[in-house]
Amino acid sequence: MLLAIFLYMIYLMKNTFFNEPECRKKLSEFVLTAQRLSMDVKCREFEKEFAKYQGRKYAVFVNSGSSANLALIQSLLNLGLIKKGDKVGFSAVTWPTNVMPLIQLGLEAVPVDVSEKNLNVNVENLIGLKEKIKVLFVTNLLGFSGRITEVKEYCEKNKIILLEDNCESLGSKVDGKKLGNFGLASTFSFFVGHHLSTIEGGMICTDDSNLHDMLTMVRAHGWSRNIDKNAESGLREKYNVSEFYNKYTFYYPAYNFRPMEINGFLGLEQLKYMDEIHKRRAENFKKYVSAAKNNVDFHKLDFSHMEFISNFAYPVICANKEVFAKYLEKFRDVEIRPIVGGSTVEQPFFNGKKYSCPNAKKIHELGFYVPNNPDLTADEVKTICKILEG
Ligand SMILES: Cc1ncc(COP(=O)(O)O)c(C=O)c1O
């Protein structure tokens, strides 16, 4: 009986990679023949190709999206762009490891409410903010963003550093630009189930060479081995370090967030399929939108400001608690989840009592997401659409 239930489930993700059998075969070959398995040429090559794909100057490959967020905030501190105690705004609906690095590194994490129409931060959410924030670390949720060009302009006008957690929105576009290209830097996750999987993995992209060098040091122990040679000479001169001692000189607070060659190899392989992955996710999304269009049980969402949506999972916000309970039952054979971490204000790790984020609370209490992945069959998409129709 239990087996029968499992057989009929539609899961959030089916595979570790796109085109899994071929990818596993190539990976086996690679593992058998590669000279080195610790970070080396494949990781460097993947960084180069990913930066090109994303349209940014630099990409720093790390071992997870969470590490990418922590490395980015540590780097801003090391560069003196921010200091302990500064206020950092973040999207109230996000993943916890977008917020945790802020707390861990002594910053004041300030939740910014999101729009109930597009689930993301928009200028109107910033205008109402009581706290004066130094940085805004937005999360582009589930393949969507708010009206991010306006957010960027608002940040520039108010001297706020804009960062994007783009772990869920690889490939989506607004105003002719890929998400992840609006702020000083952006982070990506390559965990299984994300648009691109390297099993575990993450990336930080930026156009700023100083930040790139700092991220490179923060990724590996705070040493200077992998940074630009001129920057390395500058550091050695500043601290009067000989070539011999430079190998074990640690210039800044850092971590070990290095990925492995296996991850680099997988990144390069999976990058080949990005167009196909985005196409399938976008097509499924359109079908879901069309199915849910006239369903009065759901709040209307509006992503008309977006040029291309590579959807991560399809969000549903129910009209009330009864409707919510009804759809949990209707979707019993489909793997659904709360909308990412829901409202961070409601999470036990975050001391959020003093903050009010009513839209995030609504999304937390009445929302869930439905699978969208490139391996869904036409029948599975149809089954989900049927339920979304109401
Ligand atoms: C928005 C967001 N940020 C950060 C992360 C963390 O990424 P990882 O699981 O690779 O550590 C995730 C993971 O799903 C995420 O959705």
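1. A crossing of two helices is called left-handed if the near helix is turned anticlockwise from the far one by less than a right angle, and right-handed if clockwise. By that rule, H4 and H8 cross in a right-handed way. Helices here are DSSP runs of H or I with at least four residues, numbered from the N terminus.

2. This is a predicted model, in which local features need pLDDT of at least 70 and side-chain atom pairs count only at pLDDT 80 or more, while totals for chains, interfaces and linings use all residues. Residues are numbered from 1 along each chain as its sequence is written, and side-chain values use heavy atoms, with hydrogens and water left out.

3. The axes of H4 and helix H8 (residues 209-219) come within 9 Å and cross at roughly 115°. An axis is a line fitted to C-alpha atoms over the stretch in contact, and angles run from 0 to 180 degrees between N-to-C directions. H4 contributes Ala-71, Leu-72, Gln-74, Ser-75, Leu-76 and Asn-78 to the contact, and H8 contributes Leu-211, Met-214, Leu-215 and Val-218; contact means heavy atoms within 4.5 Å. Seven of these residues are nonpolar, three polar and none charged. In this scheme Ala, Val, Leu, Ile, Met, Phe, Trp, Tyr, Cys and Pro are nonpolar, Asp, Glu, Lys and Arg are charged, and the others, Gly among them, are polar.

4. H4 (residues 65-78) also meets helix H5 (residues 96-104), with axes that come within 9 Å and cross at roughly 35°. This crossing is right-handed. Ser-66, Asn-69, Leu-70 and Ile-73 of H4 touch H5 through Thr-97, Asn-98, Pro-101, Leu-102 and Gln-104. The contact of H4 with H5 has four nonpolar, five polar and no charged residues.

5. Helix H2 (residues 20-33) and helix H11 (residues 261-271) pack at about 140°, with axes 11 Å apart. H2 passes H11 in a right-handed crossing. On the H2 side the residues are Cys-23, Lys-26, Leu-27, Phe-30 and Val-31, and they meet Glu-261, Ile-262, Phe-265, Leu-266, Glu-269 and Gln-270 of H11. The contact of H2 with H11 includes three charged residues, beside seven nonpolar and one polar.

6. Domain 1 spans 20-271 and domain 2 spans 274-389, with bounds from an automatic or database domain assignment. Their centres, taken over C-alpha atoms, are 26 Å apart. The contact takes 45 residues from domain 1 and 39 residues from domain 2. Together the domains bury about 3400 Å², 65% of it on carbon and sulfur atoms; buried area is the accessible area (1.4 Å probe) that two parts lose on being put together, summed over both.

Definitions and conventions
Helices (H or I, at least four residues) and strands (E, at least two) are DSSP runs, numbered from the N terminus.
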